[in-house]
Amino acid sequence: MSDNLEHSFVKQLQENQNIIHKICRLYTNGEDAHKDLFQEITIQLWKAFPKFRGDSKFSTWAYRVALNTAITLYRKTKRSINTIEFEGRQHFLKDVEYDYEEEEQLKLMYKAVYQLNDIEKALIFMYLEDKDYQEISETLGISEVNARVKMNRIKGKLKKILNPLGI
Amino acid sequence: MKELDLLKKDWQKNENSFEQVSEIEIYKMIHKKSSSIVKWILIISILEVLLWSCLSLCFDSDGYLKNIQHSELIGYFELLNYANYAVILIFIYSFYKRYKVISTIATTKQLMQDILKTRKTVQYYVWYNLGMLVFSLIVGFIIAFAYNPEMDTFKQQINSSAKIMAITIGVLSILSIALFGLLWLFYRVLYGTLLRRLYANYKELKKIDL
């Protein structure tokens, strides 16, 4: 493949790398696994890049390939331990003005999201990214109505994880 | 759900908190080898085809038939061999086609389907070979009993006692079943570890779309 193509790819990926980081954050635990998945997604994006026509935005295209890699192609090397990873999230909160109750709620929320399965995580991820149901359905290959139904179920599931007794 | 809104706000606020990977590092990454399951399926599948093809090539049926002085059967075996080559070729072609279809820009569901279908193609090939193995065993036994002069004394023994006959059939059956079981277990372990997560996710996606 030509150097030009390579250069254009690297530049666009570098600018859009946060998409990949966010997916890695959701699907892996710990720094090593994060780097590992990041690399695999980068390789898959590069392999698919010649087919990228530019009729959609690079980021839209990257979402799909990256999610597909995380859910389908990636082989987890180690078993995930959710709680250890979770502590590492603390530093995200340092700039936020301190609201202890809110912080506590956020912590629980992140913990709950980590307990979801791979597909549920994908739906939540796109919800957090402000994607509409049409894009969710087109990415995963399910109908829009069913994506909506599933999203509501996931919300219910999260509620249950947060408040198992239903008080 | 207000907790989810809170999470969304926090998620988007932290958008830029990741340690950035430099362009040089990305250059390095794209020249590294992928370790995706598709790659593993490809490697294992090629090994499988090689192994089974070798096995069928290594077996010298002509020599055996000449040895027992029944060369007239060689023609049938040649025919069987050609049929076997044809099946291998058809299989390799369809596997290659399936493999080529796999694309990360498909929808998640489609991608999973394509991977599972590619895997299935190899599985059919393996079952075909196992079937051929059993078929060859049966033909082998029949030829040995019917044509091999070395078996004459053994044949007389079997004919004279129902017990020996039962034991012979029993031993042969147990051997065949054990061989089958071993292979089955091997495949379960091999592909079980490789595809467990993919299967689970595929089922989950299909469940949503029911």
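A residue counts as buried here if 20 or more other C-beta atoms lie within 10 Å of its own. Keep that in mind as we walk through this predicted model, starting with chain A. Of the 167 residues in chain A, 37% are buried by that rule. The secondary structure of chain A is simple to describe: there are nine helices and zero strands. Now look at which parts of chain A touch one another. Among its contacts with a separation of 6 or more, 67% join residues 24 or more positions apart.

Let us turn to chain B. An unreviewed UniProt entry lists four stretches of this chain under "transmembrane region": residues 37-59, 79-96, 125-147 and 167-187. Residues 125-147 of chain B are 100% helix and 0% strand, with end C-alpha atoms 31 Å apart. Residues 167-187 of chain B are likewise 100% helix and 0% strand, and their end C-alpha atoms lie 30 Å apart.

Finally, see where the two chains meet. Here 42 residues of chain B are in contact with 46 residues of chain A. On the chain B side, the elements giving two or more residues are helices H1 (2-13), H2 (23-30), H3 (37-58), H6 (108-147) and H8 (162-208). Which of these gives the largest share? That is H1 of chain B, with seven residues. Sorted by class, the side of chain B that touches chain A holds 20 nonpolar, 13 polar and nine charged residues.

Key
Residues numbered from 1 in each chain as written. Chains lettered and ligands numbered in written order. Predicted model: local features only at pLDDT ≥ 70, side-chain atom pairs only at ≥ 80, totals over all residues. UniProt positions renumbered as here; feature names shortened; annotations may be inferred. Helix = DSSP H or I, 4+ residues; strand = E, 2+ residues; numbered from the N terminus. Contact = placed C-beta atoms within 7 Å. Nonpolar A, V, L, I, M, F, W, Y, C, P; charged D, E, K, R; others polar. Buried ≥ 20, exposed ≤ 12 C-beta atoms within 10 Å, placed from the backbone.
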